[in-house]
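Hi,

Here is the structure I promised to pass on to you. Have a look at it first, and then read my notes below.

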Amino acid sequence: MLLAVVAVGVLTARSQPAEPEPRGSGGAASVNPYEQARRAGVQDLLNRWAAAVREGDTAALASLFDRAAPPEFLASEIRRSEHLADVPLADWGYEIGSDPETPVPTDLAEQLDATDVWAVPAYLRYAIEGADTGSTRKPVALIVARRGESWTLVSDRSLPEYGRHTWRGPWDFGPVVVREVDTGSHSSVVLGHSDQEELIDAIAADLADAVSSVTELWGQDWSQRALVVVSSSQDEFMEQVGADHSGSDIAAVAVSDVVEPGADSATGQRVVFSPAASERLNDETRHSVLRHELTHVAARVATTDGSPMWMLEGFADYAGHRDADVPVGRAAPILAAAVVAHGPPTRLPVDADFMAGGERAQAAYELAWSVSAYVADRFDERALRELYVDLATGPVDSHELDEKLHEAVGLSASEFVTDWGRWVAEGLD
């Protein structure tokens, strides 16, 4: 069943920091010469680190590490460089952010006995060729040391006690399998590992049609490309989508960086499949889940977090089902059973229903799908799309809902719910 495994995409998109801005830029505050030299020296180290990883230069990498750095740090960077060899990178670099400084653990500072030790607020900046419209930035809990005039890499392990985390990408979890797919006039990419190659190939084979289907519904005003990541472990999956998505019933999640108000594009957009997806999804449900998550990608710029989930998730589920033309009873079996037992639905699902897990959440998704399917059938897909745009602007109270429904379909909220319930019941006859 599809709705048991579709995951929330837009509402839970991960927040990533905006482009790091050097302290003292714009003339807001002067930077003393020591601070300026410190930043320049470390940025040079970061530039050489990025170049060595991207070029696969093991000797250059080794020369950047402090003599007290854990051997595994260098070993992991060599593995990362090897795993990145086939990944089509458009950008790969490290930069210093403007976050407040955090202390270096006292025991580490004493152990290093260096001229200077700095817990750098660093970020990995990267983009995948074709699939990314711009670079995304991920945190690195970096510690560097200066000995004489030279800066060296000491550690990038996460320091939760100081609220610092190092993000890990697919290349940190093993060799990467890459599939590049033409999606119209653009290029999309599917990344994963060899143990998930069957699912990777199936997604790649369906991706062009999925992008076309979403474009038919949403319109041309989106990137019409995608970066899909297929995880091989729960740790990898949670690293890509966040700890909020640890449920075993999740098949895929769409994530992105924070979208600034008024922006015309979003960075860091990814559709991430869980390690359980290959077992949980058949051809039909995989087809629907991919379109569901791509719809979140397409609509991301037009969507404000906190908007009614019945609209956001119902629209995406409608997009997932629309090519299959499935009847109500098959697309929404829990809803169908409830209608037979208790009559048509009399209220729209609330956000708490979607977050409850289990059958309650499944029922919420089915109800939400049926609302969008009803609007598309009773009115048309243009009305459905316009209703989405009207309602995806943030939290909506009952008065605003009444107004927006009347503007979109000419019905009050009570009339809308009544007619929707009638439509659901008719679909089961």
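Predicted model: local features only at pLDDT ≥ 70, side-chain atom pairs only at ≥ 80, totals over all residues.

Residues are numbered from 1 along each chain as its sequence is written, and side-chain values use heavy atoms, with hydrogens and water left out.

The sheet is open and has 4 strands in the order β1-β2-β3-β4, with antiparallel pairing. Strands here are DSSP runs of E with at least two residues, and helices are runs of H or I with at least four, numbered from the N terminus; two strands pair if DSSP finds at least two bridges between them. At the edges are β1 (89–96) and β4 (150–155), each pairing on one side only. From one strand to the next, the twist averages 35°. Helix α1 (residues 33–55) packs on this sheet and touches β1, β2 (116–128), β3 and β4, its direction making about 155° with that of β1. Contact means heavy atoms within 4.5 Å; axes are lines fitted to C-alpha atoms (for helices, over the stretch in contact), and angles run from 0 to 180 degrees between N-to-C directions.

On to the salt bridges (a side-chain nitrogen of Lys or Arg within 4 Å of a carboxyl oxygen of Asp or Glu): the structure holds 29 of them. One joins Arg 147 to Asp 66, with the closest N and O atoms 2.7 Å apart. Arg 147 is in strand β3 and Asp 66 in the loop between α2 (58–62) and α3 (71–83), 81 residues apart. Both Arg 147 and Asp 66 are buried, that is, under 20% relative accessible area, where over 50% is exposed and in between is partly exposed (1.4 Å probe, protein chains only). Another pairs Arg 125 with Glu 95 at 2.8 Å between the closest N and O atoms. Since Arg 125 lies in β2 and Glu 95 in β1, this pair ties together parts 30 residues apart in sequence.

Finally, the axes of helices α9 (residues 309–321) and α13 (residues 358–378) come within 7 Å and cross at roughly 70°. The two are therefore roughly perpendicular to each other (65 to 115 degrees; under 35 is roughly parallel, over 145 roughly antiparallel, the rest oblique). Residues making the contact include Trp 310 and Phe 315 of α9 and Tyr 365 and Trp 369 of α13.

Best wishes
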